[in-house]
Amino acid sequence: MTGRETVDRVEAWVRAEVEPHSNAWEEAQELPAHILDHFAEEGWFGAALDPRWSGLGLTGPELGRFCAALARGSVSLLSIFTVHNMVIQALAGWGREDQKEQWLPRLAQGRPRAAFALTEPERGSDAANLLCQAKLDGGQYVIAGEKKWISGSAEAGLFLVMAKDEELGLGAFLVPGDTPGLSRRPMQNLLGFRAAGICELTFDSCRVPESALIGRLGAGFTFVAAQALDWGRFTVAWGAVGLMEACLEASVAYARQRRQFDQPLRKHQLIQALVADMATELAAGRALAAEAARQRDELSPDSIMTTATAKYFCSRAALKAAENALQIHGGNGCGPDYPLGRYLRDAKICEIIEGSNQMQQLMIAAEAFRGAARRGKEPRR
């Protein structure tokens with residue numbers, strides 16, 4: 001099956017099996033097992049992985065459309081896919097051959113599912129100064145600390161845990177989900193991503209072998225986590241594109257059939273203005289995300305910054321699209337019979353995850369100043 005055929009298959013499946021039920025799943029605060037089992041059986045957890053490791057090897061543009069399709073149906077489903085593949089990307093980029101052979105073919109099949117354990121209760125975006133500790137003791141690392149807001153962790157069988165050795169710095173450790181001392185506390189009634197299996201984690205002197213370390217100590221954030229986060233921003237950017245598509249589609253359909261003041265809602269110029277804004281920002285977001293996908297395939301040195309820019313723009317635009325779509329739907333959009341409330345809540349979370357938009361602004365501004373200096377246009381002091 002070609003990559004295009006895979007994307008077509010995913011889009012059709014989302015339309016038929018995901019979209020009609022997403023509101024109910026968010027209300028229940030979990031995705032049904034049969035949905036995730038089907039996703040695994042199709043090999044879709046390995047969509048971005050090289051076929052060498054039993055992945056599907058989708059190109060950047062194909063992967064983007066794949067993520068947008070998931071988000072149109074359920075951002076919670078996209079979130080579980082994202083964190084699973086953050087672990088895959090870290091392993092593929094920085095793991096030893098024996099680690100790749102042990103885990104990558106299994107992760108491609110979603111057996112087990114994986115989660116990326118970076119964020120901590122007292123650190124948030126200050127990810128380079130974590131409190132979770134890793135201490136070498138008798139040929140094993142002892143991991144102790146807490147993590148919070150970890151998507152996909154409710155059912156994860158493998159965690160990539162960022163922890164700090166006091167002398168050598170941050171490291172990335174593979175921790176199986178059944179490791180003694182690891183406990184999970186589901187986080188309920190969140191603003192968005194309610195079915196994404198988000199938990200708080202406690203690592204109470206969890207012991208893992210030295211071989212659980214990916215890369216080397218001191219490089220955990222700069223290399224391993226950075227690669228995972230770049231992947232996460234890519235999927236969030238495309239997920240926001242999918243949310244914009246869903247908002248525009250819902251708004252156009254509603255405005256065509258709803259009548260106000262003896263004429264279809266679509267005839268009102270203020271409604272047309274809201275739809276025009278959505279359509280324009282969707283086109284711009286697609287272009288930015290597509291450029292990030294192209295650069296990703298070409299291994300361009302500009303890829304990381306382009307991805308950050310796409311994540312920043314698309315997540316902001318998705319929130320605006322959700323607000324406009326809700327405005328078009330009026331009171332009906334506030335009720336459970338329409339998905340607008342879910343779109344709005346999930347779009348807001350997209351502005352926060354994988355590096356908040358404020359962090360993206362700092363990155364983008366810093367690169368703009370560096371670019372000016374390289375071109376010799378930095379103003380004189």
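**Trp-149**

I started at Trp-149, which sits in strand β3 (residues 140–150); strands here are DSSP runs of E, at least two residues, helices are runs of H or I, at least four residues, and both are numbered from the N terminus. The model is predicted, so I kept to its cut-offs: local features need pLDDT of at least 70, side-chain atom pairs count only at pLDDT 80 or more, and totals for chains, interfaces and linings use all residues. Residues are numbered from 1 along each chain as its sequence is written, and side-chain values use heavy atoms, with hydrogens and water left out.

What is the phi of Trp-149? I get a value near 65°, which is positive in a residue other than glycine. I then looked up the accessibility of Trp-149: the relative accessible area is 46%, so I list the residue as partly exposed. For the classes I use under 20% relative accessible area for buried, over 50% for exposed and partly exposed in between, with a 1.4 Å probe and protein chains only.

**Phe-193**

Phe-193 also went on my phi list, at about 55°, positive although the residue is not a glycine. I find Phe-193 in the loop between β6 (182–186) and β7 (199–209). Buried or exposed? Phe-193 is buried, at 4% relative accessibility.

**Pro-112**

Next I checked the peptide bond from Arg-111 to Pro-112, and it is cis, with omega near 10°. Pro-112 lies in the loop between α6 (97–108) and β1 (114–117), and at 17% relative accessibility I count it as buried.

Which residues does Pro-112 touch? Not counting residues up to four places away in sequence, I noted His-84, Trp-103, Arg-106, Leu-107, Gly-157 and Leu-158. Contact means heavy atoms within 4.5 Å. I looked at Gly-157 from that list again: Pro-112 and Gly-157 are 45 residues apart in sequence, yet 5.1 Å apart in space, C-alpha to C-alpha.

I moved on to two helix residues. His-329 belongs to helix α9 (residues 303–329) and is buried, its relative accessible area being 4%. Leaving aside neighbours within four places in sequence, I have His-329 in contact with Ala-250, Ser-251, Tyr-254, Tyr-338 and Leu-340.

Asn-85 is in helix α5 (residues 75–94). I get 0% for the relative accessible area of Asn-85, so it goes down as buried. With residues up to four places away in sequence not counted, Asn-85 touches Phe-45, Ala-48 and Trp-231.

**Cysteines**

How many disulfides are there? I count zero, taking a disulfide as a pair of cysteine sulfur atoms within 2.5 Å. I checked two cysteines by hand. For Cys-199 the closest cysteine sulfur is in Cys-206, and at 15 Å that is too far for a bond. Cys-199 is buried, at 2% relative accessibility. For Cys-334 the closest cysteine sulfur is in Cys-247, 14 Å away and again too far for a bond. Cys-334 is exposed, at 63% relative accessibility.

**Whole chain**

Last, I stepped back to the protein chain, where I count 11 helices and 10 strands. The radius of gyration is 21 Å, close to the 21 Å from the globule rule for 381 residues, so the chain is as compact as a globular protein of that length. I took the radius over C-alpha atoms, and the rule is 2.2 Å times the number of residues to the power 0.38. The C-alpha trace spans about 80 × 60 × 45 Å along its principal axes.

Of the 381 residues, 53% count as buried. Among contacts between residues at least 6 apart in sequence, 73% join residues at least 24 apart. I put the accessible surface at about 17,200 Å², with 51% of it belonging to carbon and sulfur atoms; these areas come from the Shrake-Rupley method with a 1.4 Å probe, and for residues only the protein chains shown count as cover.
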